[in-house]
Amino acid sequence: MSILDNRRLLKSEIDKVAEVAGYLWEKGWAERNGGNITINVTEWVDDGIRALPSIAGPFEIGFTLPHIEGCWFYCKGTGKRMRDLARDPMGNGSIIRILPGGARYEIVADSPVVPTSELPSHLAVHNYLLGKGSPYRASLHTHPIELVALTHSRKWMERDVATRMLWSMIPETKAFCPRGLGMVPYMMPSSNELAEATIRTLDEDYDVVMWEKHGVFAVDTDVMSAFDQVDVLNKSAQIYIAARSMGFDPEGMSPAQMAELSSAFGLPK
């Protein structure tokens, strides 16, 4: 019997993960086992789940993360493909609990699928979010083609240069991604340094962070909202690249049009 049986709210959140995983594969943003999803499911964990024994662990996180002590997470498994997670989320991911002290975790259900190698980075971000009182419970890492392509030019890696261009391509981008796109220079994937740089960039008031020549890391209230932000930003990048491929530089929305949009939607100027 699955841990999700008769647990409607928890199942609903993990079903969202499966749905998003399918979208990532369909868009070509999740080659092989590329990308990761981790969601904080603590609020949907009932007493029955809390009483379940460990099926694997404990494992060291590599950090001491006091704000997530006692929390529960659903995590994509290491080496698992998004296309398979979309079909069978509990066969390609696991539910873990963070042990007292915030330095170790154990796997609880449904099978001993070891979480992603990027779990320490994801958990460090969740620790940061809880520590600042954020309502965000989902983190998503994926490889959107056009956004990654932009990072191969120094121009777009400068602070908020890509944000201003992406906002100007279509009005919805600033409306739905009002904090823009933070930029992190290339660092070794899965490294502590990348995790720390990501947290610093999130702390500058971004919800979506671009890892140079690698992919994006997005946080939001749930995984669907995190996906939506990345999807909208990448659509703007596609519009920009389509215009360039047609032989012209897109003029984008004018500063006056952007100011009007910001005023109408109550967005930061």
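The legends below describe close-up views of a predicted model. Local features are taken where pLDDT is at least 70 and side-chain atom pairs where pLDDT is 80 or more, whereas totals for chains, interfaces and linings use all residues. Residues are numbered from 1 along each chain as its sequence is written, and side-chain values use heavy atoms, with hydrogens and water left out.

**View 1. Strand 9 and its two partners.** Strand 9 covers residues 215-220; helices (H or I, at least four residues) and strands (E, at least two) are DSSP runs, numbered from the N terminus. Because 6 of the 6 residues of strand 9 are buried, this strand is largely enclosed by the rest of the structure, where buried means under 20% relative accessible area, exposed over 50% and partly exposed in between (1.4 Å probe, protein chains only). In a regular strand the side chains alternate between the two faces of the sheet. Here Gly-215, Phe-217 and Val-219 are buried on one side of strand 9, and Val-216, Ala-218 and Asp-220 are buried on the other. Strand 6 (residues 138-142) runs antiparallel to strand 9 and is joined to it by 5 bridges, with Ala-138 opposite Asp-220; two strands pair if DSSP finds at least two bridges between them. Strand 8 (residues 208-211) also pairs with strand 9 in the antiparallel sense, over 4 bridges, and Met-210 stands opposite Val-216.

**View 2. Two residues with positive phi.** In the hairpin of strand 8 and strand 9, which has 3 residues between the strands, Lys-213 has a positive phi of about 55° although it is not a glycine. Lys-213 is partly exposed, with a relative accessible area of 40%. Arg-32, likewise not a glycine, has a positive phi of about 45°; this residue is found in the loop between helix 1 (8-26) and strand 1 (36-40), and it is exposed, with a relative accessible area of 54%.

**View 3. The packing of helix 7 and helix 10.** Helix 7 (residues 161-169) and helix 10 (residues 223-245) pack at an angle of about 85°, with their axes 8 Å apart; axes are lines fitted to C-alpha atoms, for helices over the stretch in contact, and angles run from 0 to 180 degrees between N-to-C directions. The two helices are therefore roughly perpendicular to each other, a term that applies from 65 to 115 degrees. Met-165, Leu-166 and Met-169 in helix 7 meet Leu-233, Ser-236, Ala-237, Ile-239 and Tyr-240 in helix 10, contact being heavy atoms within 4.5 Å.

**View 4. Nonpolar cores.** A nonpolar core is a set of buried Ala, Val, Leu, Ile, Met, Phe, Trp, Tyr and Cys residues joined through side-chain atoms within 4.5 Å. The largest one has 52 residues, and those with the most contacts inside it are Leu-24, Ile-37, Tyr-74, Leu-147 and Leu-166. Helix 10 gives the most to this core, with 9 residues. Apart from it lies another core, of 28 residues, among them Leu-65, Cys-71, Ile-199 and Val-209.

View 5. Glu-69 is placed in the loop between strand 2 (56-60) and strand 3 (72-76), and is partly exposed, with a relative accessible area of 41%. Not counting residues up to four places away in sequence, Glu-69 touches Ile-98, Leu-99, Pro-100, Gly-101 and Gly-102. Within strand 2 lies Pro-58, and the peptide bond from Gly-57 to Pro-58 is cis, with omega near 10°.

Methods:
Parallel < 35°, antiparallel > 145°, perpendicular 65-115°, else oblique.
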